[in-house]
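Q: Could you walk me through reading a few features of a protein model?
A: Gladly; let us look at it together.

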Amino acid sequence: MKSMNLITMKPCCRILIASKSNSFLGLPFKEASTNLSNFRLNLRQKSDFDSYPRRIINRTQKLYCVPNLSWGQSRVFSSPIGRGLHVIASVASDFRNYSTSVETRVNDKNFERIYVQGGLNVKPLVAEKIDLDEHAAGAGGEHVKNDESLKEEGEGQVEVRGGEESEAVKEAWKLLENAVVTYCGSPIGTLAANDPNDKLPLNYDQVFIRDFIPSALAFLLKGDKDIVKNFLLHTLQLQSWEKTVDCYSPGQGLMPASFKVRTVPLDDNKYEEVLDPDFGESAIGRVAPVDSGLWWIILLRAYGKITGDYGLQERVDVQTGIKLILNLCLSDGFDMFPSLLVTDGSCMIDRRMGIHGHPLEIQALFYSALRCSREMLSLDEGSKNLVNAINNRLSALSFHIREYYWVDMKKINEIYRYKTEEYSTDATNKFNIYPEQIPHWLMDWIPEEGGYLIGNLQPAHMDFRFFTLGNLWSIVSSLGTPKQNEAILNLIEAKWDDIVGSMPLKICYPALENEEWRIITGSDPKNTPWSYHNGGSWPTLLWQFTLACIKMNRTDLAKKAVDLAEKRLRVDQWPEYYDTRYGKFTGKQARLYQTWTIAGFLTSKMLLENPEMASLLFWEEDYDLLEICVCALKKSGRKKCSRGAAKSQILV
């Protein structure tokens, strides 16, 4: 059998910490230094490591790939990177004690037991390409599966179907491959946009976690897993770096919105590569990305499902990364709702658009990430409380969204007759919604057969706009009931001209106009009516639409949308978004050769050609969740709980 070009990982145990830092792993610096003596590198393994690239971190905690670094002992590192940096032995990631209501902290004893007894080879970090035959073993003794074993599992293989590729598909693959970013000689992600004529790329020359998802799926469906594996591991290493805005640090577990590979000069005309993450401290509006960590978890599951390589999920550093994200999302706060409370601009719509609070998009991604995590978390005593918290949150969240976010003709008529100022646990109008909030456009717009999940819900406020990504991902994740999922696609079909038009798909409908646009967006000149986030059309939404349609056996709708896009995208140079009410014009400030436009198109084409692969990427209804009652019925005296209500919704 031919040798296989696979990825193995070698451990890195050198982290540079600024001398002024007063903590490491959640402990005072001196105490941490003492405890970390337990993690000394076995010097007999030194010869195995010397030729590999190294990872070091400077005072701003940037990631470096440094070849031929001497690993003999702790020492002071002197270079243009920074001064006063102490080298200390480290483990896979910067794990610190952390605490939330789900009590999944990593205590000292467990931490020490996992990493010391397992050795540094258990969870390596730095990727190196090697050739292995079918008898080779992976790092840490894990067996590397060959093509035949993957075939036996029924995963990781994409059967090539259909005739010759179209010119649009050929060009799209070429452009996607040209957008690949390398780090230390290995692919690590794709640029947000790669227009050679763009003289002011801003942050479009970076790798965005959110933007890379369709690129990752395209590569996985094609059979190329290396770039996705590298991306998952390197972004994991960027997690929890304490980048700040005005000296204030975000919560531990936060994933960056994007990162950039920078080249830093050293002495003697030498250079090294740096991974420089952006947690929002450089973003327009300075907003932290809530969705990055959720997308990372979703991609991690997709990687295992498509490739059959579940060993990545089982790594200790990956398991800890999942827990850090969940603890950040599941921590208790002032909010009373099971939905996730976020600021404006913290998701795909990353500018002021009136979606602060509990936007549907984040709730759908949150629900998906919880379901993914429940599948991937290792079942042990340390994760028992976390899994229980996930189950409780899933039950509460699904009921909350299905019950209160759903609108159709029947529900709108019910809201139209709401009584207000109700005080009791049995109130019908629980959020004190005023009937006058129902917009005039909605009464004539919503079809008899169909419905959708509204964009947002808060006390005395319902955002009745149709947000496409949130509704599509609610179908994909089964956040909505089967009946609701079907109704959403019925609405899209009935309102095809409004939501699809000349170019799929509207990010939201309708656009904010006139005084409403001025007040809600702050007169944003980029989010003018029917442009960009304010009713613009985004071709990258094609792959979510295709996935939702395949799940609901409505591939006719997906094919219609993909064919529509294929006619224009190549001619229009793959723009980021389209403007006007029906998406007829290329966006006035749209970047050309936008990578997630290209990747979304390719992923949609491959899913339609291989619909069986789509089943690996979506979730069916979880009937076990309906057995979890999230309210103590006897104690509260409530007449209806999530279990009974959700069951009745399913059985209708």
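Predicted model: local features only at pLDDT ≥ 70, side-chain atom pairs only at ≥ 80, totals over all residues.

Q: How many helices and strands does the protein chain have?
A: Helices (H or I, at least four residues) and strands (E, at least two) are DSSP runs, numbered from the N terminus. The protein chain has 24 helices and 20 strands.

Q: What percentage of the residues is buried?
A: Buried means under 20% relative accessible area, exposed over 50%, and partly exposed in between (1.4 Å probe, protein chains only). Of the 652 residues in the protein chain, 58% are buried.

Q: How do I read a helix pair?
A: Two packed helices are described by the angle between their axes and the distance between the axes. Axes are lines fitted to C-alpha atoms, for helices over the stretch in contact, and angles run from 0 to 180 degrees between N-to-C directions. Here, α7 (residues 226-238) packs with α8 (residues 291-307) at about 145°, and their axes are 11 Å apart.

Q: Which residues of α7 and α8 meet?
A: Contact means heavy atoms within 4.5 Å. From α7 the list includes Phe231, Leu232 and Leu236, and from α8 it includes Trp296, Leu299 and Tyr303.

Q: Is tyrosine 303 buried or exposed?
A: Tyrosine 303, in helix α8, has a relative accessible area of 0%, so it is buried. Beyond its neighbours within four places in sequence, its contacts include Leu220, Val228, Gly308 and Leu312. Between tyrosine 303 and alanine 216 there are 87 residues in sequence, yet 8.6 Å in space, C-alpha to C-alpha.

Q: Which side chain makes a polar contact with that of glutamate 566?
A: A polar contact is a pair of N or O atoms within 3.5 Å; within protein, one must be able to donate a hydrogen and the other to accept it, and residues adjacent in sequence count only if both atoms are side-chain atoms. The partner is the side chain of lysine 605, at 3.1 Å.

Technical notes. Residues numbered from 1 in each chain as written. Heavy atoms only, no water.
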